[in-house]
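Q: I have a structure open and would like to go through it piece by piece. Can you take some questions?

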Amino acid sequence: MIKLIITDLDGTFLDPASQFDEAYYVKVRKLMQAQQVAFAPCTGKQSERVEELFANVGADDLWILGDSASRIKHQGTFVYESLLPNQTALAIIRKLRALHQDYGIIARTDDTAYITTDTPENCREKIQGSYTNVTEINDYQEITDDFVKITLYDPYERAFTIRPQLAEFDDRAYIVASEAAWIDITDHNVHKGTTVAKLQQLLGVTPAETMVFGDGYNDLELMTCGEFSFAMRNGFPETKATARYICGSNAENAVLQTIEQLLSLQG
């Protein structure tokens, strides 16, 4: 009996234009509600951005695992979070700034996502696609709060070569190059797998009652959280190898189709 469905957004639930079929979602949402199945987007996007994406179809019942799954938000309240200590975060940012100056760094704290005034223009549109609250500052070292996460967006797609250069922080932070242009950094041992386990504990749901969908390297741990694990056809080979099943691509409404098919059988 499936009681919890968790899906990555970019490359998985969202189509190549970063949208989804709202009418189809409304139909599937009714099916989930009728069977009391919880639905949880699990994403690098800011939680507020997820609420915006689902605003037309109802976001009140979502369990949002946002900001690279460093937080869980439900009905406007954060019910769980694990923060990256300020000193560690600032040291990582100093390292990133020393490596290159031509990519975007997003420093996410509790209240906002910080970028610096010298953030390249070719990075700003991508940042706005994932973050609703953005504040410009002159220097990241001005930040005194602990961090929800750090994200690097590199339009020159060097993430897989930059990631090994951050190995000195592996004992203090969880660092993953989710694809060639993106690196996400959260608190040590905090990733989609650990936060999904926290949500399962909150809801009293087991992996045998959980369905998950993903496509990227940051979904590898997610694939181990549910017996009904689906990698997208457009996903990375390693993600497909970790998942139990393969479904269609994110351009084909594959997540919603799979949910509808399995819940119809369950019903």
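Predicted model: local features only at pLDDT ≥ 70, side-chain atom pairs only at ≥ 80, totals over all residues.

Q: Start with H2. How many residues does H2 have, and how far does it reach from its first C-alpha to its last?

A: Helix H2 runs over residues 22-34 and has 13 residues. It reaches 18 Å, close to the 18 Å expected at 1.5 Å a residue.

Q: Which residues of H2 are buried?

A: Tyr-24, Tyr-25, Val-28, Arg-29 and Met-32 are buried in H2. They sit on the same side of H2, because the arc they cover around the axis is only 135°.

Q: Why would residues three or four places apart point the same way?

A: An α-helix has 3.6 residues a turn, so residues with that spacing point the same way.

Q: And what is exposed on the other side of H2?

A: Ala-23, Lys-27, Lys-30 and Ala-34 are exposed there.

Q: What about the ends? What does the side chain of Asp-21 reach at the start of H2?

A: A side-chain oxygen of Asp-21 comes to within 3.3 Å of the backbone nitrogen of Ala-23. Just after H2, Gln-36 has a positive phi of about 55°.

Q: Val-37 follows. Where does Val-37 lie?

A: Val-37 is in the loop between H2 and S2. Val-37 counts as buried because its relative accessibility is 9%, and the cut-off for buried is under 20%.

Q: What does Val-37 touch?

A: Leaving out residues up to four places away in sequence, Val-37 touches Ile-2, Lys-3, Leu-4, Ile-5, Met-32, Leu-263 and Gln-266. Met-32 is also one of the buried residues of H2.

Q: Which helix or strand gives the most to the lining of the largest pocket?

A: H5 gives the most, with four residues. Elements that each supply at least two residues include H1, helix H3 (47-53), helix H5 (121-130) and strand S9 (149-153). S10 and S11 each supply at least two as well.

Q: Stay on H5. Which residues of H5 are buried?

A: Cys-123, Arg-124, Ile-127 and Ser-130 are the buried residues of H5. They lie on the same side of H5, because they cover an arc of only 125° around the axis. The face of H5 turned away from that side carries the exposed residues Glu-121 and Glu-125.

Q: What do the buried residues of H5 pack against?

A: They pack against H3, S6, strand S7 (113-116), strand S8 (134-137) and S9.

Q: S6 contains Ile-106. Is Ile-106 buried or exposed?

A: Ile-106, found in strand S6 (residues 104-108), counts as buried because its relative accessibility is 0%. Beyond four places away in sequence, its contacts include Ile-127, Tyr-131, Lys-149, Ile-150 and Thr-151. Ile-127 is one of the buried residues of H5.

Q: Now closed spaces. How many cavities of 30 Å³ or more does the structure hold?

A: The structure holds one. About 70 Å³ of space lies in the largest cavity.

Q: Which residues line the largest cavity?

A: The lining is Gly-44, Ser-68, Tyr-174, Val-176, Asp-184, Thr-186, His-191, Lys-192 and Asn-218. Strands S10 (173-179) and S11 (182-187) each supply at least two residues of this lining.

Q: What phi do Asn-189 and Asn-253 have?

A: Asn-189 has a positive phi of about 60° although it is not a glycine, and Asn-253 also has a positive phi of about 60°. Asn-189 is in the loop between S11 and helix H7 (192-203). Asn-253 is in the loop between strand S14 (245-247) and H9, and is partly exposed, with a relative accessible area of 27%.

Q: Last one, Thr-210. Where is Thr-210 found?

A: Thr-210 is in strand S12 (residues 210-214) and is buried, with a relative accessible area of 0%. Among the residues Thr-210 touches beyond four places in sequence are Leu-4, Ile-6, Gln-200 and Phe-228.

Terms used:
Residues numbered from 1 in each chain as written. Heavy atoms only, no water. Expected span 1.5 Å × (residues − 1). Buried < 20%, exposed > 50% of the residue type's maximum accessible area, 1.4 Å probe, protein only. Arc of directions from axis to C-beta. Polar contact = N/O pair within 3.5 Å; in protein donor to acceptor, adjacent residues only side chain to side chain. 1 Å grid on protein atoms, 1.4 Å probe; cavity = no way out; pocket = protein on both sides within 12 Å on 5 of 7 lines; lining within 4 Å. Points joined across faces, edges and corners; volume = space filled by probe spheres on them. Contact = heavy atoms within 4.5 Å.
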